[in-house]
Amino acid sequence: MTHWQKSSFSGGAEGNECVELARDETNLLLRESDDPDHILTLTTTALSALISHATHPGTTPK
């Protein structure tokens, strides 16, 4: 069974408005709680680039 962790930016209330992260043997898994069957499989490098782009749009990761 996969253990999902809710983003700290999602707040403490129950609901379907959060991003959740888990890991398998080799990758990180990312999903939106309101669509839990749609899961992105990412490497740590890819997740870092995604977060960098989301927090600093218009910049290119090095």
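**Note on the predicted model: pocket, fold and selected residues**

1. In the lining of the largest pocket, the residues divide into eight nonpolar, three polar and two charged, where Ala, Val, Leu, Ile, Met, Phe, Trp, Tyr, Cys and Pro count as nonpolar, Asp, Glu, Lys and Arg as charged, and the others, Gly among them, as polar. The model is a predicted one, in which local features need pLDDT of at least 70 and side-chain atom pairs count only at pLDDT 80 or more, while totals for chains, interfaces and linings use all residues. Residues are numbered from 1 along each chain as its sequence is written, and side-chain values use heavy atoms, with hydrogens and water left out.

2. The volume of the largest pocket is about 330 Å³, a volume being the space filled by probe spheres set on grid points that are joined across faces, edges and corners. A pocket here is an open set of points, on a 1 Å grid over the protein atoms alone, where a 1.4 Å probe fits and where protein lies on both sides within 12 Å along at least five of seven lines; lining residues have an atom within 4 Å of a point.

3. There are 13 lining residues in the largest pocket, and S7, V19, L30, L47 and I51 lie nearest its centre. Two or more residues of this lining come from each of β1 (5–6), β2 (19–23) and α1 (44–55), with α1 giving the most, namely five residues.

4. The protein chain has one helix and four strands, arranged along the sequence as β-β-β-β-α; helices (H or I, at least four residues) and strands (E, at least two) are DSSP runs, numbered from the N terminus. Of the contacts in the protein chain with a separation of 6 or more, 9% are between residues 24 or more positions apart, contact meaning heavy atoms within 4.5 Å.

5. Of the 62 residues in the protein chain, 18% are buried, the classes being buried under 20% relative accessible area, exposed over 50% and partly exposed in between (1.4 Å probe, protein chains only). The accessible surface of the protein chain is about 5,200 Å², and 54% of that belongs to carbon and sulfur atoms; these areas come from the Shrake-Rupley method with a 1.4 Å probe, and for residues only the protein chains shown count as cover.

6. E20, placed in strand β2, counts as buried because its relative accessibility is 14%. The side chains of E20 and R31 are joined by a polar contact of 2.6 Å, that is, a pair of N or O atoms within 3.5 Å of which, within protein, one must be able to donate a hydrogen and the other to accept it, residues adjacent in sequence counting only if both atoms are side-chain atoms. Leaving aside residues up to four places away in sequence, E20 touches W4, Q5, K6, L29, L30, R31 and S33.

7. L21 also lies in strand β2 and is partly exposed, with a relative accessible area of 33%. Not counting residues up to four places away in sequence, the residues that L21 touches include H3, L28 and L47.

8. In helix α1, T44 is exposed at a relative accessible area of 56%, whereas A46 is partly exposed at 30% relative accessibility. In the loop between β1 and β2 sits E17, which counts as exposed because its relative accessibility is 72%; its C-alpha atom is 6.3 Å from that of S33, 16 residues apart in sequence.
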